[in-house]
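Hi,

Here is the model I promised to hand over.

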Amino acid sequence: MLALDKTNFNSEVLEADGWVLVDFWSPKCEPCKELKPHVEKLGEKYGEQMKFCGLDITKARRVAIGQKVMGLPVVAFYLGGEKKAELTGEITPEAVEAKINELLS
Amino acid sequence: MSTKIYDVAIIGGGPGGLTAALYASRSKLATVILEKGQAGGQLATTEEIENWPGTIHSTGPELSAKMLEHAQKFGAESIREDVIGIEADGFIKTIKGRNGEYKAKSIIVSTGAEPRILGIPGEREFRGKGVSYCATCDADFYEELDVVVLGNGDAAVEEAMYLTKFAETVTVVVIHEEGKVDATPVVAERAFKNKNIKWIWNSTISEIGGDGIVEWVKVKNINTGEVTDMATNGVFVFVGTVPRTKIFEGVLEMDDRGYLIVDPQTMASNKDGVYVVGDCRQKYLRQVVTAAGDGATAATVAEKYIHEEENFAEDVLEVDVPVLVAFWSPTSEASMKSMPAIEGAIEQLGDSVKLVKIDTYRNQRISNRYNITSIPTVVLFNKGQAIDTVKAAEISTDNLVSKAKALL
């Protein structure tokens, strides 16, 4: 999974052509750390059709707020730099996979 | 998939589960902790811990990591697994997870609790957009911004103090009259002295709104009914917790709020060999220290359960000859008196029949399983089956000998 920060968020997400998944997380967020390995695993399965990225918000707080993310965890899906879908609250690995399938179909 | 049979499988790695794991593994029981995320549970998302005896101050993540290390030191295994159900009938039980299935002789449920969702307009919609239930997760977003905390228990007041380290202003909305909070007095006093916390009394939040992210809340005075708009960047909701027990519906007994019901002395649930500890059970005080106490009790009771069941299987169910099982108690005069008649029968029958005595006071579970309502009672077993029950009045050497001979 590609690690994002404030220097590469624009080029890797907002200026990218295809589907991009962004996992917003923080080292202080236990539910995020719970979810992250599952998202990484999905990255191995769907990596060809979607670019998988993670953003540690402690390193890019303003970038996250700019994306209207004000709480964790959030998994957002972008196409051609535009946010198309977003998961918040209690996010299960199944919900992430279901959303990926829905968006790719 | 592993076919290993554990002695103790612990579902949930919070303080209750980790203490159970420590006690079980230290008693040389094969122990596994099934935890879907990080060890520590709610403790791991608590910033300050100052009421764990012997540790003047610690952080939640620090104490969680130490508890896990302590359990692992004595051999407890820890597996990342999200449990979705259990099958708890019989001695060997099955725990179903998203990644696999596990077998264990006993199960300790320590799934804990999670923050309660209030259900006001905007609350769900703005989750991840300014509505939060976890200050340690989200505090970083609010540097130089304004936040509102709803609630007034220990969690609400402690997290409000934590948030003052990040946010420009922290306003706590309290439903009680001025000066009254549900938090422990020592916590409340500290918060009242904190100049960075503002208080709104007699009030609740009736709606959360904004354009994409939280921008305002409606604060409702419960006495006057008056509703005031208040600008804010975030809302932290701490209005109690709900137990994480959905996966046990229809299997374990629970109250109408979902808290699992156990015998408060032994942590035993309605299923033999299944114990429940910590915040997910019906109890008076939900704290790290009480969860740990529950865990120690459950592990000890689980150990006794395993030994009793294995002994009973070995001595009674798996033997080739008929077995007379005498349910008795040394404290009951009637059962003391009947012993010579029972011993006499065994003397006549010799090696063709075996005698096993079960103290009904010490082993109520097996007594209940065979519906022993009075003592002394003798139950005749053959090839693992209870064939005949002989109550006190019918216990005599001759009667027992003739009944046993009929089985030979």
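One term before anything else: I call two residues in contact if their C-beta atoms, placed from the backbone, lie within 7 Å. By that rule Leu163(B) touches Ala135(B), Ala139(B), Tyr142(B), Val147(B), Val149(B), Val170(B) and Phe236(B), leaving out residues up to four places away in sequence.

Some housekeeping. This is a predicted model, where local features need pLDDT of at least 70 and side-chain atom pairs count only at pLDDT 80 or more, while totals for chains, interfaces and linings use all residues. Residues are numbered from 1 along each chain as its sequence is written, and chains are lettered from A and ligands numbered from 1 in the order in which they are written.

Chain A first. Helices (H or I, at least four residues) and strands (E, at least two) are DSSP runs, numbered from the N terminus. Chain A has four helices and five strands, in the order β-α-β-α-β-α-β-β-α along the sequence. Its radius of gyration (over C-alpha atoms) is 12 Å, close to the 13 Å from the globule rule (2.2 Å times the number of residues to the power 0.38) for 105 residues, so chain A is as compact as a globular protein of that length. The C-alpha trace of chain A spans about 35 × 30 × 20 Å along its principal axes.

Chain B has nine helices and 23 strands. The radius of gyration of chain B is 28 Å, well over the 22 Å that the globule rule gives for 408 residues, so this chain is more spread out than a compact globule. Along the principal axes, the C-alpha trace of chain B spans about 90 × 45 × 40 Å.

Now the inside. Of the 408 residues of chain B, 43% are buried (20 or more other C-beta atoms within 10 Å of their own, again placed from the backbone). A nonpolar core is a set of buried Ala, Val, Leu, Ile, Met, Phe, Trp, Tyr and Cys residues joined through C-beta atoms within 7 Å. The largest has 67 residues, and Leu163(B) is among those with the most contacts inside it, as are Val22(A) and Phe24(A). Helix α4 of chain B (residues 154-163) gives this core its largest share, six residues. Another core, of 53 residues, lies apart from it and includes Ala21(B) and Val288(B).

Finally, where the chains meet: 20 residues of chain B are in contact with 19 of chain A. On the chain B side, α3(B) supplies the largest share, three residues.

Cheers

Note on methods
Buried ≥ 20, exposed ≤ 12 C-beta atoms within 10 Å, placed from the backbone.
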